[in-house]
Structures are given as structure tokens and as C-alpha cells.
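Here are my notes on the model, point by point. Please read them with the structure open.

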Amino acid sequence: MIDKSKMMESLSKNLPPEKKVPVVLDDSKDLKDDYDFSREKYRGLLDKGEEALLSMLQLAQESEHPRAYEVLSGMMKNMADITDKLMDLQKKKKELTKEEKKEQVQALTQNNVFVGSTTDLQRMLMKQAQGIIDV
């Protein structure tokens with residue numbers, strides 16, 4: 001009877017070391033929660049900003065003061081920035097979900113072991129050389 005521990009020891013000396021596949025933690029729930037929270041806050045800011053923008057527009061038109069128009073233009077710029085941040089949030093979420101999918105697919109077979117006699121191996125190699133497919 002062959003001692004398995006001795007066989008494994010000799011195999012480990014001859015084979016290259018195994019590469020460790022990184023463990024993927026399931027952060028999808030945290031990602032979704034953070035995304036939902038951020039999206040809700042940005043949308044709330046946009047809704048309140050729109051109300052303030054309309055009020056400021058009315059005030060600027062009534063007073064016709066240059067400072068009121070300056071504040072109005074600053075508010076419009078802030079609203080545009082918040083909209084850009086909301087779009088960036090969408091883009092970042094897509095990138096993160098793509099990375100998660102890529103990390104989960106990294107299952108590689110590095111070493112194959114042929115179980116059989118050397119005669120069987122030679123026959124199989126000869127068939128491959130001749131282009132014969134045997135299933």
C-alpha cells in the first residue's frame with residue numbers, strides 16, 4: 001500500500017506553489033444601502049434646491065438687484081454640480097458591481113493530474129497527435 005503522506009510530500013516538492021485566490025466578501029448589501037442613502041440625499045437636495053431656486057428667481061426679478069442675480073447664478077451652478085454628482089454615483093455603482101462580478105469568476109485550474117498508466121497516457125498522446133478525438 002502506498003503511503004499518501006509521502007506521495008503528497010514528494011508531489012509538493014515537484015509542483016509549483018499554488019496561487020491563492022482572494023476571498024470575496026459580500027459587501028453588496030452595504031453597497032446597496034450606501035447607494036440608496038446617497039441617492040436619496042442627492043435627490044432631496046435637488047428638490048429643495050429647485051424650490052429655493054424658484055423663490056430666488058422671483059426675488060431677483062422683483063428687486064432687479066445685481067447681487068440677487070449673482071446668488072441665483074451660484075444656486076444654479078450648485079444644482080448642476082449636484083446633478084453631476086448623482087450621475088457619478090450611478091457610474092461608480094456600475095463599476096463596483098462589474099468588479100464584484102469579475103472577482104467571483106476567477107476560478108482557475110492550474111494543475112491537471114492524469115490518473116492511469118503510462119501506456120494509457122502514451123496512447124492518448126498518440127491519438128491527439130493524429131487528430132483523433134476519443135470521448
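Does Lys29 count as buried or exposed? Lys29 counts as exposed, at 59% relative accessibility.

1. Confidence. This is a predicted model. The mean pLDDT of the protein is 80. A value of 70 or more is reached by 73% of the residues. Confidence is highest in helix α2, at a mean of 90. Confidence is lowest in helix α1, residues 4-14, where the mean is 70. Please read α1 with that value in mind.

2. Overall build. The protein has four helices and zero strands. Along the sequence the pattern is α-α-α-α. Of the 135 residues, 10% count as buried. The accessible surface comes to about 12500 Å², and carbon and sulfur atoms account for 56% of that area. Take the contacts between residues at least 6 apart in sequence: 65% of them join residues at least 24 apart.

3. Nonpolar cores. The largest nonpolar core has six residues: Tyr35, Leu46, Met79, Ile82, Leu86 and Leu89. Helices α2 (28-63) and α3 (66-104) each supply at least two residues of this core. Helix α3 gives the most, with four. A second, separate core has five residues, among them Leu53, Met56, Ala68 and Leu72. In soluble globular proteins, nonpolar side chains tend to be buried together. Tyr35 deserves a look on its own. Leaving aside residues up to four places away in sequence, Tyr35 touches Leu89, Gln90 and Lys93.

4. Asn78 and Gly49. Asn78 is found in helix α3. Asn78 counts as partly exposed because its relative accessibility is 46%. Along the chain, Asn78 and Gly49 are 29 residues apart. Their C-alpha atoms are separated by 8.6 Å.

5. Salt bridges. The structure holds five salt bridges.

   - Asp33 and Lys29 meet through their side chains, at 3.2 Å from N to O. Both lie in helix α2, four residues apart, about one turn of the helix. Asp33 is partly exposed, with a relative accessible area of 38%.
   - Lys77 pairs with Asp81, with the closest N and O atoms 3.1 Å apart. These two residues lie in helix α3, again about one turn and four residues apart. Lys77 counts as exposed at 53%, while Asp81 is partly exposed at 32%.
   - Arg123 and Asp120 form a salt bridge at 4.0 Å, N to O. The cut-off is 4 Å. Arg123 and Asp120 are three residues apart in helix α4, so about one helical turn separates them. Arg123 is exposed at 52%, and Asp120 is partly exposed at 37%.

6. A nonpolar surface patch. Which residues form a nonpolar patch on the surface? They are Phe114, Leu121, Met124 and Leu125, with about 320 Å² of accessible area together. Leu121 sits in helix α4, residues 118-130. Leu121 has 31% relative accessibility, so Leu121 counts as partly exposed. Patch residues need over 30% relative accessible area.

7. Backbone at Glu64. Where does Glu64 lie? Glu64 is in the loop between α2 and α3. Its phi is near 55 degrees, a positive value in a residue other than glycine. Most residues other than glycine have a negative phi. Glu64 is exposed, with a relative accessible area of 62%.

Notes. Residues numbered from 1 in each chain as written. Heavy atoms only, no water. Patch = residues over 30% accessible without salt bridge, like charges linked within 9 Å, V, L, I, M, F, W, Y side chains within 5 Å. Areas by Shrake-Rupley, 256 points an atom, 1.4 Å probe, with all protein chains shown as cover. Buried < 20%, exposed > 50% of the residue type's maximum accessible area, 1.4 Å probe, protein only. Core = buried A, V, L, I, M, F, W, Y, C linked by side-chain atoms within 4.5 Å. Contact = heavy atoms within 4.5 Å. pLDDT = per-residue confidence, 0-100.
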